[in-house]
There are 2 protein chains.
Amino acid sequence: MSATTIRDIAVALGVTPSTVSRALSGNPYVKESTRAAILMKAREMGYERNVMASNLRKGTTNIVGIIVPRINREFFGNVISGAESVLSEAGYSVVICQTHERLEDEKSALKVLAGEQVAGIMISHSAETVSGEHILEAIGQNVKLVQFDRVIDGLPGSKVTNDDFKGAYTATKHLIDNGYKRIGALVGFMNTSLFRRRYEGYAAALADAGMPLDPGIVFENTILRKNGYESTIRAIDAGCDAIYSSGDFSALGALECALERGLRVPEDFGIVGTANETFTSLVSPRMSSVDQHPFEMGRSAAGAMVRLLGGETQGEEILIGTTLVTRQSSTR
Amino acid sequence: MSATTIRDIAVALGVTPSTVSRALSGNPYVKESTRAAILMKAREMGYERNVMASNLRKGTTNIVGIIVPRINREFFGNVISGAESVLSEAGYSVVICQTHERLEDEKSALKVLAGEQVAGIMISHSAETVSGEHILEAIGQNVKLVQFDRVIDGLPGSKVTNDDFKGAYTATKHLIDNGYKRIGALVGFMNTSLFRRRYEGYAAALADAGMPLDPGIVFENTILRKNGYESTIRAIDAGCDAIYSSGDFSALGALECALERGLRVPEDFGIVGTANETFTSLVSPRMSSVDQHPFEMGRSAAGAMVRLLGGETQGEEILIGTTLVTRQSSTR
DNA sequence: CCCGGCTCCACAAACGATTGCAGGTAAGAT
DNA sequence: ATCTTACCTGCAATCGTTTGTGGAGCCGGG
């Protein structure tokens, strides 16, 4: 009736539970013949290891927690997909938490995962997160940590980030190469390293082309469609003929604004976004965007986690490349 | 150093672990004063219940597994979001698995969840799933089951579905009311009850309007953008002036096809999709679509799960309403 | 013939929380 | 004063697995 235990197998074969346990876990101090008998009996009786008991005894689980701002975002959804594929391959289960960009939710998610005694946590911080003390506190010293996309310094474990600098640089250079003369930037939260790096890439491309960097056409905290629309009004009034955006939704707002102002895209106004969201290839004109390879990032981050858990490393830093997908909105 | 246990609290207060356990779990046979003291001490010592030990003893976990075809789909992402919000509120953790629409993956996901001793499973089946035997086998008799969106008969537990019939009926009627005379249908897999119900809604709307049901302009297995495009070629050749689609991606294909054929949308050709994907409001002309309220479905399904786990019901059937979002593609 | 070394297995103690049962105390009833 | 009753708490077993320690059996070398 109730599930069979190693004790059941033990009595059935006249050995002790310890021997059964060792046989099942591949301990070398078990005679091959008895191991074979145990394995056979286990299969015959339909034995399945009780994970709870095993974990309790070993003091750790094979669960990896993933914390993201929101799962219903193209980027994070794909990261999770990628991570899940390698983690489950490696025998780990995945539990997913959302922070909704709120620090409070991030704290409670960490608490929940700590309560579940997860073996490791993969996290991309909320927009409100600036320091990592709550994380240090939550993970103690046994839980492995992998930060991805949005990372914070001063924490143990591994970091996986996009090559945001290069992505922004390439996008901006692409606009320059297409003859745009005054390129504004919609950037995110400058207290987040990710957005800072993108801003720096944008600035570097301008500098390399001998173009001036005008703070008046750099718009911070602009990641939503609405923000993008509003900032672009000011950008156009300031004489811009192109926009580099560190997000696709804000780039969409920019596109709508430009069209509404009677500008032709890409003839009069160029736009490049970031993230390569599905809709970028559906709007008209189709929008250029920096693809961040989220699935690959998920796989890499999960690989880093597996290595941490296996004790192969103490921490590594991985950079995921980006690809500029050029479409109509920036090509003339 | 290591996490504090109930034993630590017990010795600190000169009581036994049993009393501490009872106090913490709300057992009434504990004097209020000692309970207060224990609660205070617990907080002071930063106690957190060891979930593994608790589960081992109680023989069950507080984990709910969610199985979906893919998490990086608008609809499922939002369902999960909704479900997670009520489950975590109710003290359950969530673990998520993807089947990638494959039966094999669905089986292995079920096995994994069973191994984790989950308390309940919420599932929306893969496209390949037709019978439910593998599920019956995996869940045994202790695991509660909630099916949502795509459901199968003959399984215990609760079912949460969209009012697909009404959604399709309303969408089709909307096209009729806008004066379209020959309305084709892009439908999905007819072995899936969900798609059958949508087809029936479409057919009923035609019947109620006294319009003929022509099998020649009903296209099965059409859910991808590409399929939608191809089927619409034939629909137009067959004289259609509108398309009801049971998916947004196929509706997108229909839109592209119509425009390419030189038809004006909505003047010459009307289109209504299903799912209200983000991109429907981004394409031009903006596309009408049946909103399925995925977030609410997730909340409802999770609520049903909580009630099952609490023993309040043995199973219920819940219908989530749909809302037709009318945009340019069907309004003239 | 004895002893060191090796292989393999049994014993029993954990891991931390839960819970049936028994017992002890104090209040109220007789 | 004694007994019942209600209320509270302690004792100890238990969930199923893992693992340190110890020892039985066997082989070969001295």
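User: Which residue is the bridge partner of A:Gly120 in β4(A)?
Analyst: A:Lys144 is the bridge partner of A:Gly120 in β4(A). This is a predicted model: local features need pLDDT of at least 70, side-chain atom pairs count only at pLDDT 80 or more, and totals for chains, interfaces and linings use all residues. Residues are numbered from 1 along each chain as its sequence is written, chains are lettered from A and ligands numbered from 1 in the order in which they are written, and side-chain values use heavy atoms, leaving out hydrogens and water.

User: What makes β3(A) and strand β4 a pair?
Analyst: Two strands pair if DSSP finds at least two bridges between them. Four bridges join β3(A) to β4 (residues 144-148) of chain A, so they pair. The two strands run parallel.

User: Why is β3 of chain A called a strand?
Analyst: Strands are DSSP runs of E, at least two residues, and helices are runs of H or I, at least four, all numbered from the N terminus.

User: How many bridges join strand β1 to β3(A)?
Analyst: Four bridges join β1 (residues 63-68) of chain A to β3(A), and these strands run parallel. A:Val64 has A:Gly120 as its bridge partner in β3(A).
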